[in-house]
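Work through the following exercises with the sequence and the 3D view at hand, and try each task before reading its solution.

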Amino acid sequence: ENVDRLVIGFHDGVGGGGSTLVYQISATGNTIVTADGGGEYGPGAAQEFESGSTKLGTMAFDNNANKIVIFYQDDGNSDYGKAIIGTVTGGSTNTMASTSPATFNGSNATGALSVAWDTENGKGLLSFQDGGDSNYAKCVAFTHDSSTFTFGTIIEPWGANKLVYIGGYNLTGAHTVSFDSSNDNFVLTGAYPDSDSDYILAAVAVSVSTVTCTAGDVKEILTD
C-alpha cells in the first residue's frame with residue numbers, strides 16, 4: 001500500500017523453494033506495469049524466502065504495518081507449517097526482504113492453508129489442516145512486530161476431530177477464512193461433515209481477542 005506494489009508468491013519449479021515477485025502498479029491503479037512497458041518498472045528479480053521445497057502457501061497484506069505475511073508448507077522439512085514477514089521496497093528495484101521462517105504448528109505436518117488479516121485491529125487468523133493430528137481442521141490467531149510473530153493457542157473451530165474440505169480440491173482439513181469488518185470477526189467456510197457422513201457447505205465465525213480465538217456455532221449454508 002505504501003509503495004503501490006503487487007506481490008506474487010509462487011513455488012519455484014519441481015522441488016523448488018518458495019519465492020516472490022514484486023510488480024509496480026500503474027498510476028491509474030488498474031494495470032500492472034511489466035518490463036515490456038518500461039524496463040525498470042517491471043517486476044524485480046525473484047526473491048527466495050525458503051530455499052527448500054515448498055507447497056500450499058497463502059499470504060495476506062498487513063495494511064497497518066505495510067508488511068506481507070506469508071504462510072507455507074515446508075516440503076523440505078517434514079511439511080512443517082512456516083511463516084515469514086516480508087517488507088517491500090519501492091523505487092526501480094521492486095524487491096521484498098523477508099524475516100527468518102517461524103514455525104507455527106510445532107513438529108507437525110501442516111497443509112491446506114488460508115489466512116486473512118483484520119485490517120482494523122492489526123491481527124490475523126490462519127486456518128490449516130494439522131497433519132500431525134489426523135488432518136483435522138484448525139486455526140490460530142497471530143500478530144507480529146514487523147520482525148517476529150506471536151501466535152495464540154491453536155483451536156478446532158469446527159469442533160473436535162472434524163475433517164473439513166473445499167470441494168474441487170479434495171484437501172482434507174482445508175477451509176477458507178475471510179475478515180468480516182462489519183462484525184469485527186473472521187468467517188471460515190468449508191465442506192463440513194454432517195450426521196449422515198455427507199458434506200454440507202457451512203461456515204463458522206471466529207472472534208479474536210489479541211491472539212485468543214473463540215469460535216461460534218457452525219451454520220449450514222447449503223446442502224447438496
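Helices (H or I, at least four residues) and strands (E, at least two) are DSSP runs, numbered from the N terminus. The model is predicted, and local features need pLDDT of at least 70, side-chain atom pairs count only at pLDDT 80 or more, while totals for chains, interfaces and linings use all residues. Residues are numbered from 1 along each chain as its sequence is written, and side-chain values use heavy atoms, with hydrogens and water left out.

**Exercise 1.** Find how many helices and strands the chain has, and what share of its residues is buried.

*Solution.* Begin with the secondary structure: the chain contains 18 strands and zero helices. Then turn to burial, where buried means under 20% relative accessible area, exposed over 50% and partly exposed in between (1.4 Å probe, protein chains only); by this rule 42% of the 224 residues are buried.

**Exercise 2.** Explain why strand S12 is described as largely enclosed.

*Solution.* Locate S12 at residues 136-144 and count its buried residues: eight of the nine are buried, so the rest of the structure largely encloses this strand.

**Exercise 3.** Describe how S12 pairs with S11 and with S13.

*Solution.* Recall that two strands pair if DSSP finds at least two bridges between them. On one side, S11 (residues 123-130) pairs with S12 in the antiparallel sense over seven bridges, and Leu126 has Val140 in S12 as its bridge partner. Five residues lie between the strands of this hairpin, where Ser134 takes a positive phi near 60°. Next, S12 and S13 (residues 149-151) run antiparallel, joined by three bridges, with Thr143 opposite Thr150 in S13. Four residues separate S12 and S13 in their hairpin, and Ser146 in the turn has a positive phi of about 85°.
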